[in-house]
Amino acid sequence: MKRPSWNELLAVKTVAEQRSFRRAADVLGLKRSSLSHTVKGLETALGVRLFHRTTRSVALTETGEMLIERLTPLLNQMDELLNEVTASDHQPYGTLRISASDAAISLLLETILPTFIQQYPGIEMDLVAQGQLVD
């Protein structure tokens, strides 16, 4: 059996949520005929009917309900994972070294660093307080 693609699974989930091929096609940005063909191809590959179709309605079969019940949390988890990976890729990370006077380091520690560390958790701070300027 050929494994279903992400797009096929998303198509089935969207049709099930919308209870309409037309509305699901609009949500996915597809032509209705293309969406229908995708779902029909998946049903053929799986060897089961997922939807009861009439000219006026679309309803899940018992097998379709079972699939959607178990598939929805998996697709949601995958979306969350992809969002986390994408978001983490845009966060700065590394070490920020600051060499300054005792007074400047004290001011940074009291006012700026608490907020900075919350906004940029991937940044490690290396503060050096000295009485002289160092490169």
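View 1. L82 counts as partly exposed, at 43% relative accessibility. The model shown here and in every view below is predicted. L82 is found in helix α4. It belongs to a nonpolar patch on the surface, together with W6, M78, L81 and V85. The accessible area of these residues together is about 430 Å². Helix α4 spans residues 62–90 and gives the most to the patch, with four residues.

**View 2. Helix α3 from end to end.** Helix α3 runs through residues 32–46. G47 follows α3. The phi of G47 is positive, near 75°.

View 3. L35, V39, L42 and E43 are buried in α3. Seen down the helix axis, the buried residues fall within an arc of 100°, so they line one face of α3. What covers them includes helix α1 (6–18), helix α2 (21–28) and strand β1 (51–53). The face turned away from the buried side carries S33, H37 and T44. These three residues are exposed.

**View 4. The salt bridge between E43 and R53.** The structure holds three salt bridges, and one of them joins E43 to R53. The closest N and O atoms of this pair are 2.8 Å apart. The pair links distant parts of the chain, with E43 in helix α3 and R53 in strand β1. The two residues are 10 residues apart. E43 has 4% relative accessibility, so it counts as buried. R53 has 29% relative accessibility and counts as partly exposed.

**View 5. The salt bridge between K13 and E17.** Here the side chains of K13 and E17 meet, at 3.1 Å from N to O. Both residues lie in helix α1. They are four residues apart, about one turn of the helix. K13 is buried, because its relative accessible area of 11% is under the 20% cut-off. E17 is partly exposed, with a relative accessible area of 49%.

**View 6. The salt bridge between R97 and D126.** R97 forms a salt bridge with D126. The closest N and O atoms are 3.3 Å apart. This pair, too, links distant parts of the chain. R97 sits in strand β3 (residues 94–100), and D126 sits in strand β4 (residues 123–129). The partners are 29 residues apart. R97 counts as exposed, at 60% relative accessibility. D126 counts as partly exposed, at 30%.

**View 7. V27 and its contacts.** V27 lies in helix α2. It counts as exposed because its relative accessibility, 54%, is over 50%. Leaving out residues up to four places away in sequence, V27 touches T14 and Q18. V27 and T14 are 13 residues apart along the chain. Their C-alpha atoms are separated by 7.8 Å.

Note on methods
Residues are numbered from 1 along each chain as its sequence is written. This is a predicted model: local features need pLDDT of at least 70, side-chain atom pairs count only at pLDDT 80 or more; totals for chains, interfaces and linings use all residues. Side-chain values use heavy atoms; hydrogens and water are left out. The expected span of a helix is 1.5 Å times one less than its number of residues. Buried means under 20% relative accessible area, exposed over 50%, partly exposed in between (1.4 Å probe, protein chains only). The arc is that of the directions from the helix axis to the C-beta atoms. Contact means heavy atoms within 4.5 Å. Patches are made of residues with over 30% relative accessible area and no salt bridge: like charges are joined within 9 Å, nonpolar side chains (Val, Leu, Ile, Met, Phe, Trp, Tyr) within 5 Å. Accessible areas come from the Shrake-Rupley method with a 1.4 Å probe; for residues, only the protein chains shown count as cover. A salt bridge is a side-chain nitrogen of Lys or Arg within 4 Å of a carboxyl oxygen of Asp or Glu.
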